[in-house]
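Open the model in your viewer and keep the selection tool at hand. Each stop below says what to select and what is there.

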Amino acid sequence: MDAKSISDVSGVPLRFSLKILRKLVAGGLVKSYKGTRGGYELAKSPKEISVLDVVEITEGRIHINRCLASEFVCTRLSESPCKFRECFDEISAEIRTSMRKVTFDRFIE
């Protein structure tokens with residue numbers, strides 16, 4: 001399917017669709033074909049692509065608090081790692097596990 005068709009079907013502006021498609025191609029979830037008959041296709045079966053895959057390829061690793069980001073520097077002088085960070089990490093792991101279970105075959109009619 002070409003990017004314009006994907007944009008039209010999804011209701012997402014073409015420019016934004018192209019940006020997402022580039023990330024999905026780089027992440028190995030989508031293949032792109034150049035030329036007049038070019039376009040995009042899934043690189044894997046929809047059963048093999050999870051919501052987590054797409055979100056983390058397009059947005060980065062899922063975490064519920066910025067303190068879990070690798071570039072974050074904590075200014076707390078107490079325990080390391082702090083109890084809040086441990087809690088947020090556990091919750092984030094549960095969210096990732098749940099998102100990994102939802103695959104794209106669920107959305108195909």
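The tour of this predicted model goes from a helix to its charged pairs and then to the nonpolar cores.

Start by selecting helix α1, residues 3-10, and pick out I6 within it. Is I6 buried or partly exposed? I6 counts as partly exposed, because its relative accessibility is 22% and buried means under 20%. Now show what surrounds I6: leaving out residues up to four places away in sequence, it touches M1, L21 and Y40. For a distance across the model, select I6 and D105, which are 99 residues apart in sequence and 17 Å apart in space, C-alpha to C-alpha.

Stay in helix α1 and select K4 and D8, four residues apart, about one turn of the helix. Their side chains meet in a salt bridge, at 2.9 Å from N to O. K4 is partly exposed, at 45% relative accessibility.

The model has two salt bridges by the rule used. For the one between E86 and K83, the N to O distance is 3.9 Å. Select both in helix α4, residues 83-101, where they are three residues apart, about one helical turn. K83 is exposed at 52% relative accessibility, whereas E86 is partly exposed at 33%.

Next, select A3, L21, L24, L29, V30, Y40, I49 and V54: these eight residues form the largest nonpolar core. Centre the view on V54, which contacts L24, L29, I49 and F104, apart from neighbours within four places in sequence. Another core, of five residues, lies apart from the largest one; select L52, I62, M99 and V102, which are among its members.

Note on methods
Residues are numbered from 1 along each chain as its sequence is written. This is a predicted model: local features need pLDDT of at least 70, side-chain atom pairs count only at pLDDT 80 or more; totals for chains, interfaces and linings use all residues. Side-chain values use heavy atoms; hydrogens and water are left out. A nonpolar core is a set of buried Ala, Val, Leu, Ile, Met, Phe, Trp, Tyr and Cys residues joined through side-chain atoms within 4.5 Å. Buried means under 20% relative accessible area, exposed over 50%, partly exposed in between (1.4 Å probe, protein chains only). Contact means heavy atoms within 4.5 Å. Helices (H or I, at least four residues) and strands (E, at least two) are DSSP runs, numbered from the N terminus. A salt bridge is a side-chain nitrogen of Lys or Arg within 4 Å of a carboxyl oxygen of Asp or Glu.
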